[in-house]
Amino acid sequence: MKGKLAVLVVVAAGVGLPALAQTSSTERIEERQAKQQRRIEEGIRSGELTPREAERLRKGQQRIQRMEERARADGKITPKEAARIERAQDVESRRIWREKHDRQRDLDRDGKADRPARRHAKPRASPVRPGPSR
Ligand SMILES: [Ca+2]
Ligand SMILES: [Ca+2]
């Protein structure tokens with residue numbers, strides 16, 4: 001009987017450990033989410049991000065949030081799931097950097113890009129020439 005109890009205690013301790021490890025990977029993910037969120041907000045305040053850029057980046061953050069929720073749905077985030085989420089965060093981190101260092105800005109923060117952003121638009125059928133003033 002005593003032996004069985006000891007086994008139970010050991011098993012319980014063994015179950016506890018991965019749970020702790022999990023908490024830390026979840027925490028790391030959460031911390032990065034918060035940090036990236038702050039970088040986006042800071043970019044809006046500074047005008048480095050236009051509203052459009054900020055919106056896209058926020059959607060990226062939400063996508064990662066959903067990945068995390070899905071991974072956590074079965075009660076645990078496995079190392080593989082954590083690695084996948086962190087890779088997605090790496091990608092988002094680079095996107096945030098790029099958008100903050102590109103030419104599209106809203107330094108006067110009027111909600112509009114300061115210069116016409118060059119969109120990845122389809123080439124127009126007829127080229128638009130700079131015409132006489134209008
Ligand atoms: Ca920008
Ligand atoms: Ca502007």
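What follows is a working chat about a predicted model of one protein.

Biologist: Before we start, what are the ground rules on numbering and confidence?
Modeller: Residues are numbered from 1 along each chain as its sequence is written, while chains are lettered from A and ligands numbered from 1 in the order in which they are written. This is a predicted model, where local features need pLDDT of at least 70, side-chain atom pairs count only at pLDDT 80 or more, and totals for chains, interfaces and linings use all residues.

Biologist: How many helices and strands are there in the protein?
Modeller: There are 3 helices and 0 strands. Along the sequence the pattern reads α-α-α. Helices (H or I, at least four residues) and strands (E, at least two) are DSSP runs, numbered from the N terminus.

Biologist: What percentage of the residues count as buried?
Modeller: 13% of the 134 residues. Buried is 20 or more other C-beta atoms within 10 Å of the residue's own, exposed is 12 or fewer, and partly exposed is in between, with C-beta atoms placed from the backbone.

Biologist: And what share of the contacts comes from residues 24 or more positions apart?
Modeller: 67% of the contacts with a separation of 6 or more. Two residues are in contact if their C-beta atoms, placed from the backbone, lie within 7 Å.

Biologist: Take α2. How far apart are its end C-alpha atoms?
Modeller: They are 31 Å apart. Helix α2 covers residues 51-72, and its 22 residues should span 32 Å at 1.5 Å a residue, which agrees. The expected span is 1.5 Å times one less than the number of residues.

Biologist: Which residues of α2 are buried?
Modeller: Glu53, Leu57 and Glu68. They cover an arc of only 60 degrees around the axis, so they sit on the same side of α2. The arc is that of the directions from the helix axis to the C-beta atoms.

Biologist: What is exposed on the other side of α2?
Modeller: Lys59, Gln62, Arg63, Arg66, Glu69 and Arg70.

Biologist: Now α3. Which residues are buried there?
Modeller: Ile85, Gln89, Glu92, Ile96 and Glu99. Their arc is only 80 degrees around the axis, which puts them on the same side of α3. The face turned away from that buried side carries exposed residues, including Lys80, Arg87, Asp90, Val91 and Trp97.

Biologist: What about its span?
Modeller: The 22 residues of α3 should span 32 Å at 1.5 Å a residue, and the end C-alpha atoms are 31 Å apart, which agrees.

Biologist: At what angle do the axes of α2 and α3 cross?
Modeller: Roughly 175 degrees, and the axes come within 10 Å. That makes α2 roughly antiparallel to α3. Axes are lines fitted to C-alpha atoms, for helices over the stretch in contact, and angles run from 0 to 180 degrees between N-to-C directions. Under 35 degrees is roughly parallel, over 145 roughly antiparallel, 65 to 115 roughly perpendicular, and the rest oblique.

Biologist: Which residues of α2 and α3 meet?
Modeller: From α2, Glu53, Leu57, Gly60, Gln61, Ile64, Met67, Glu68 and Ala71; from α3, Glu81, Ile85, Ala88, Gln89, Glu92, Arg95, Ile96 and Glu99. By class, this contact has 7 nonpolar, 3 polar and 6 charged residues. Ala, Val, Leu, Ile, Met, Phe, Trp, Tyr, Cys and Pro count as nonpolar, Asp, Glu, Lys and Arg as charged, and the others, Gly among them, as polar.

Biologist: Why does Glu99 count as buried?
Modeller: Because Glu99 has 20 C-beta neighbours inside 10 Å. Glu99 touches Leu49, Glu53 and Leu57, not counting residues up to four places away in sequence. Gly43 is 56 residues away in sequence, but 8.9 Å away in space, C-alpha to C-alpha.

Biologist: Switching to α1: where does Gln37 sit?
Modeller: In helix α1, residues 2-46. Gln37 is partly exposed, with 15 other C-beta atoms within 10 Å. The C-alpha atoms of Gln37 and Ile96 are separated by 9.7 Å, at 59 residues apart along the chain.

Biologist: What is phi of Arg109?
Modeller: Near 45 degrees, a positive value in a residue other than glycine. Arg109 lies in the segment after α3. With 14 C-beta neighbours inside 10 Å, Arg109 counts as partly exposed.
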